[in-house]
Amino acid sequence: MASHYPSLDPSINPSTTSPVVPITIDLRSDTVTRPSQAMRQVMAAAQVGDDVYGDDPNVNALEHEAAELLGKQAGLFLPSGTMSNLASVLAHCQRGEEALVGEQYHIHCDEAAGVTVLGSVAMHALTTDLYGRFDLEQLSVAVKPNDYHQPITRLLCLENTVSGCIQEQSHIDALVERAQYHGLSTHMDGARLMNAAVAQNLPPARLVQSIDTVSVCLSKGLGAPLGSVLVGSQVIVERARRLRKMLGGGMRQAGIIAAAGRYALQHNLDRLVQDHRRTQELASALEGIKGLHFDRSRVQTNMLFLQSIQMSALADHLALQGIALTVTGHNTRVVLHMDIDDEALKQIIASIQGFFNAH
Ligand SMILES: Cc1ncc(COP(=O)(O)O)c(C=O)c1O
């Protein structure tokens, strides 16, 4: 399979068996959001310059604003979360060094092992629980002694949210303190950090206050068409800037997309609570349906993970009504986002209930 989220468009994904019904409600991911008219207008009117020369006013402003929001010295705009994580890990680690990372985290599972392939950085995966956590003892045990048979443990990679689960702040703080005790740097894959911030009513900077680098995606719940920002100290961000160039991520008149990112940060943070509310409403409506299971305690932000032996049939039923869902293994992820309003939510609930009533 080429992707976790295969297109339902048969011209792109000929293996799709569903009849061609245009997708009107897309539950595959929050990456599927499309820029609003207001965002498009800002993009169309954006002033631009050549960002590789440091000339693009919107990119410069976005980098500055993101750094400020997250309480760091400097920021760097990158085309994707994957490149942002990669540039960050390579900025922290040299060849032959090692990063500790949760086994289910995106850096470990879903970035084609880029840090190892391109940076010769080993990844040591720590076992995570249902909520994406590992504990202090696991972290300490994983740090290698000073022994030339072993890689040098250099970095701890965290993630928040993990599959929609908020990482408890006191636990993150304790992990970072323990990492620092062992002399490690710390990186946060905060692709959905803003969901965690809004859900806990905490300033985003508080969530990452003692973490060295943080990557935040603008293209998920925040609704920009693409782009991520990496923030940290001036020194580490400049190192990452060189790496971004090396990785082919130096962009020219990038202000058009940076303007979308700025718009997303200015307008789309607080509205994440709507996605969370709708996710809870969906969970409440689905609870008790015979033949459908999910763990309510893991429904914390904008995702829930469904289990049913009839999942493929359910996905086909939804596809016929223009509702897209990707069935993956045991757990099928359902993601709510800004393109799903209350009306769409009603349709989703009615369609799922209808399926199970008939089966
Ligand atoms: C937790 C997490 N980190 C990083 C990424 C990578 O982002 P991108 O798709 O922009 O490369 C994703 C993408 O889904 C993600 O879910």
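Student: How many bridges join strand β3 to β4?

Tutor: Start with the general idea. Strands of a sheet pair through backbone hydrogen bonds, either parallel or antiparallel. Now the case here, in a predicted model. Strand β3, residues 97-102, is joined to β4 by 5 bridges. The two run parallel.

Student: Which residue of β4 stands opposite E98?

Tutor: Look across to A122. That residue of β4 faces E98.

Student: In what order do the strands of the sheet lie?

Tutor: Read across the sheet: β2-β8-β7-β6-β5-β3-β4. That makes 7 strands in an open sheet. The pairing is mixed. From one strand to the next, the twist averages 20°.

Student: Which strands does helix α2 lie across?

Tutor: Find residues 57-69, which form α2. This helix lies across β2 and β8 (228-232). Its direction is at about 125° to β2. Then turn to helix α7, residues 169-181. Helix α7 packs on the sheet and touches β5 (152-159) and β6 (185-190). The directions of α7 and β5 make an angle of about 170°.

Student: Where is the peptide bond that is cis?

Tutor: The general idea comes first. Most residues other than glycine have a negative phi, and most peptide bonds are trans. Here, the bond from N160 to T161 is cis, with omega near 0°. T161 sits in the loop between β5 and α7.

Student: And what is the phi of A112?

Tutor: A112 is not a glycine, yet its phi is positive, about 55°. Look for A112 in the loop between α4 (106-109) and α5 (114-119).

Student: Which residues are around the ligand?

Tutor: Go through them along the chain. The shell holds S80, G81, T82, N85, H106, E111, E159, D189, A191, R192, C217 and K220. They divide into 2 nonpolar, 5 polar and 5 charged residues.

Student: Which helix gives the most to that shell?

Tutor: Helix α3, residues 81-92. It contributes 3 residues.

Student: How far is T82 from an oxygen atom of the ligand?

Tutor: A polar side-chain atom of T82 is 2.6 Å from such an oxygen. Look at R192 next: an N or O atom of its side chain lies 2.9 Å from a ligand oxygen. For K220, a side-chain N or O atom is 2.9 Å from an oxygen atom of the ligand.

Student: How much of the ligand does the protein bury?

Tutor: Begin with the ligand taken alone, which exposes 390 Å². The protein buries 83% of that.

Key. Residues numbered from 1 in each chain as written. Predicted model: local features only at pLDDT ≥ 70, side-chain atom pairs only at ≥ 80, totals over all residues. Heavy atoms only, no water. Near = heavy atom within 4 Å. Polar contact = N/O pair within 3.5 Å; in protein donor to acceptor, adjacent residues only side chain to side chain. Areas by Shrake-Rupley, 256 points an atom, 1.4 Å probe, with all protein chains shown as cover. Helix = DSSP H or I, 4+ residues; strand = E, 2+ residues; numbered from the N terminus. Nonpolar A, V, L, I, M, F, W, Y, C, P; charged D, E, K, R; others polar. Pairing = 2+ DSSP bridges. Axes fitted to C-alpha atoms, helices over the stretch in contact; angles between N-to-C directions. Contact = heavy atoms within 4.5 Å.
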